[in-house]
Amino acid sequence: MPGLGEQLPALTPHEAIVESNRCLFCFDAPCTHACPTHIDIPRFIKKIATQNILGSAKTILEANLLGATCARVCPVQELCEGACVLGSEHKPIMIGRLQRHAMDFAYSRGVPKFHTQAAATGKKIAVIGAGPAGLSCAGELAKRGHAVTLFEKRELGGGLSTYGIISLREPMEVALAEVEMVRGLGVEFRSGVELGNGLSVEDLKTNFDAVFVSAGLGVTPALGIPGEEYILDGLAYIEQSKLDLANLPAGRQVVIIGAGNTAIDCATIAKRQGAEHVTIVYRRTAVEMSAYKHEYDFVKKEGVEFRFLTQPVEVIRDKNGVTGLECVSVVLGELDRSGRPAPQLDLNSRFVLAADQVVKAIGQDKLSVAAVLGVATERGFIQVNSQFETNVPGIYAGGDCIRAKGASSTVMAVQDGKLAAAAINSGLTWRT
């Protein structure tokens, strides 16, 4: 797998062995408990220490089919490495980089095929969406002998791992290699297909025994301000940086609206593209922003400025293009439905931030897939029970489309898919 251009270089074989031998190989290890997919971390690290790298990769894949992606994009500082017992007085083990070392080694020798395929069950499952949750669910179901068809509206599988995470953190080739690995398990991919466009609810009812929905979320919502048509969409900005970097518009004074991980990625791209000044504006404070702390610290070191308690109200233009972003100051009020203080605008505090390029990264709208399928929702997110089943029997869901509360991440989506696959398998067995 290519590592060129990634933020952290790949470990050399010698570095991996030295680092793995620092591990205490804890019994009932806190790092394993902290991993949402519960990879047996001491076991895979021990195998690296004994130079059984393929065995290490097998251990990872048994718990997490998207181990190569998660090794790169997981917030390890808050999860496994954050729980490392060496972290309190020493440097925690570099678990993420060791996991990447094992996975890169396995993929460099061809698509990993460590899984024993069960006999065909005759059951057919549709998976809607080829992001991390969908790939995880599809792969786990295929391993159990079910015939799985994965429907994806985009040309390429991988979801945000392919299109929405900057190459500095995960090159597109890494995500696409995992798609091929899942395909190799026997999953049938149908790209360019979505509900209402090449696929109907009647098709699902007629041709499949169960459905797993992992459609993610939709487009970036509108700000509803004058001049918004001149604002670039953050996800599209990241996508172009991966598909067509040479033609990505490069501003000198760039303002990013939003303070989540996508906003951090957009600011990083702008900086790496040579912007003289990059500012992130956010209507709340650093306490409320959804970006991970280590990402916040990283982008500040890149030279990105933050303007908190700031609300954009208009994009300013002249005949030559965008010249600034007019904003007002914000005072935080009572908690809103999100559980965070509601922004209250001070309309008498207008000021303009100089900008020749404005990018918005303020989250994503909910998809219409729930309404099409007739499943219950909460604040636009699909409601599921403890088995990831919706109120409609046989229809399951996981990933970002069910995250009505709390944070969302790639590794959580992978675990959703894995657990949903187990629940679907049990349900199909029970009905047989």
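The legends below describe close-up views of a predicted model.

**View 1. Helices α3 and α4 pack against each other.**
Helix α3 covers residues 41-49, and helix α4 covers residues 53-63. Their axes lie 7 Å apart, at an angle of about 170°. Angles over 145 degrees count as roughly antiparallel, so α3 and α4 are roughly antiparallel to each other. The crossing of α3 past α4 is left-handed. On the α3 side, R43, F44, K47 and I48 make the contact. On the α4 side, the contact residues are I53, G55, S56, T59, I60 and E62. By class, the contact of α3 with α4 holds four nonpolar, three polar and three charged residues.

**View 2. H101 sits in helix α7.**
Helix α7 spans residues 95-108. The relative accessible area of H101 is 12%. Buried means under 20%, so H101 is buried. Leaving out residues up to four places away in sequence, H101 touches L11, T12, P13, A16, I48 and I53. Two of these partners return from View 1: I48 belongs to the α3 side of the helix contact and I53 to the α4 side.

**View 3. N64 lies in the loop between α4 and α5.**
Helix α5 covers residues 67-73. N64 has 1% relative accessibility and therefore counts as buried. Beyond residues up to four places away in sequence, N64 touches T37, I39, C70, V411 and V414. S136 is 72 residues from N64 along the chain. The C-alpha atoms of N64 and S136 are separated by 7.7 Å.

**View 4. Strand β6 pairs with β1 and with β17.**
Strand β6 covers residues 210-213. In a regular strand the side chains alternate between the two faces of the sheet. Here A210 and F212 point one way, while V211 and V213 point the other way. All of these residues are buried. Strand β1 (residues 124-128) pairs with β6 in the parallel sense, over four bridges. In that pairing A126 stands opposite V211. The pairing of β6 with strand β17 (residues 395-397) is also parallel. Three bridges make up the β6 and β17 pairing. There, V213 has A397 as its bridge partner.

**View 5. Five strands form an open parallel sheet.**
The strand order is β7-β14-β8-β9-β10. The edges are β7 (232-233) and β10 (305-307), each pairing on one side only. Strands β8 (residues 253-257) and β14 (residues 357-360) run parallel and are joined by four bridges. V255 has V358 of β14 as its bridge partner. Helix α13 (residues 261-272) packs on the sheet. This helix touches β8, β9 (277-281), β10 and β14. The direction of α13 makes about 170° with that of β9.

**View 6. Three strands form an open antiparallel sheet.**
The strand order is β11-β12-β13. Strands β11 (310-318) and β13 (341-354) are the edges, each pairing on one side only. From one strand to the next, the twist averages 20°. Eight bridges link β11 to strand β12 (residues 321-335) in the antiparallel sense. D318 stands opposite G321 in β12.

How values were computed: Residues numbered from 1 in each chain as written. Predicted model: local features only at pLDDT ≥ 70, side-chain atom pairs only at ≥ 80, totals over all residues. Heavy atoms only, no water. Pairing = 2+ DSSP bridges. Helix = DSSP H or I, 4+ residues; strand = E, 2+ residues; numbered from the N terminus. Axes fitted to C-alpha atoms, helices over the stretch in contact; angles between N-to-C directions. Parallel < 35°, antiparallel > 145°, perpendicular 65-115°, else oblique. Left-handed = near helix turned anticlockwise from the far one by under 90°. Contact = heavy atoms within 4.5 Å. Nonpolar A, V, L, I, M, F, W, Y, C, P; charged D, E, K, R; others polar. Buried < 20%, exposed > 50% of the residue type's maximum accessible area, 1.4 Å probe, protein only.
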